[in-house]
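I opened the model with the sequence beside it, and I keep my notes here in the order in which I looked things up.

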Amino acid sequence: MKSTLLATVAILAFASPSFAAETGKTVGQSPSSFYLAQDTATMKCQIVESQPATGGSMKVVGAAHTTKASAEAALKADKTCAK
């Protein structure tokens with residue numbers, strides 16, 4: 001009985017740090033994305049970090065970008081955005 005308990009404790013002691021090791025992200029959060037959002041009234045665009053709500057005054061132009069630099073490049077290249 002004691003040897004089984006000792007073996008269980010030893011396995012848990014060595015395995016528990018591997019469960020706690022999260023590399024570079026917080027549990028429950030999606031990776032950050034940048035969106036090109038266009039105001040439907042003024043046709044001006046801006047870069048936002050969260051996707052605009054459906055039915056609001058902002059709409060997403062194109063796809064999500066993984067870096068802010070690529071979102072800025074898409075903003076400069078987009079022809080539908082008012083300058």
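In which loop does Phe34 lie? I find Phe34 in the loop between helix H1 (2–20) and strand E1 (35–39), where helices (H or I, at least four residues) and strands (E, at least two) are DSSP runs, numbered from the N terminus.

Before going on I note that this is a predicted model, in which local features need pLDDT of at least 70 and side-chain atom pairs count only at pLDDT 80 or more, while totals for chains, interfaces and linings use all residues. Residues are numbered from 1 along each chain as its sequence is written, and side-chain values use heavy atoms, with hydrogens and water left out.

Next I looked up the whole chain, which has 2 helices and 3 strands, in the order α-β-β-β-α from the N terminus. Of its 83 residues, 16% are buried (under 20% relative accessible area, with a 1.4 Å probe and protein chains only).

Returning to Phe34, I read a relative accessible area of 12%, so Phe34 counts as buried. Beyond its neighbours within four places in sequence, Phe34 is in contact (heavy atoms within 4.5 Å) with several residues, among them Ile47, Val48, His65 and Ala71. I also checked Ala63, which is 29 residues from Phe34 in sequence and 9.0 Å away in space, C-alpha to C-alpha.

Last, I turned to Asp78, in the segment after helix H2 (68–77). Asp78 is counted as buried because its relative accessibility is 18%. A polar atom of the Asp78 side chain lies 3.2 Å from the backbone nitrogen of Cys81.

Conventions: Buried means under 20% relative accessible area, exposed over 50%, partly exposed in between (1.4 Å probe, protein chains only). A polar contact is a pair of N or O atoms within 3.5 Å; within protein, one must be able to donate a hydrogen and the other to accept it, and residues adjacent in sequence count only if both atoms are side-chain atoms.
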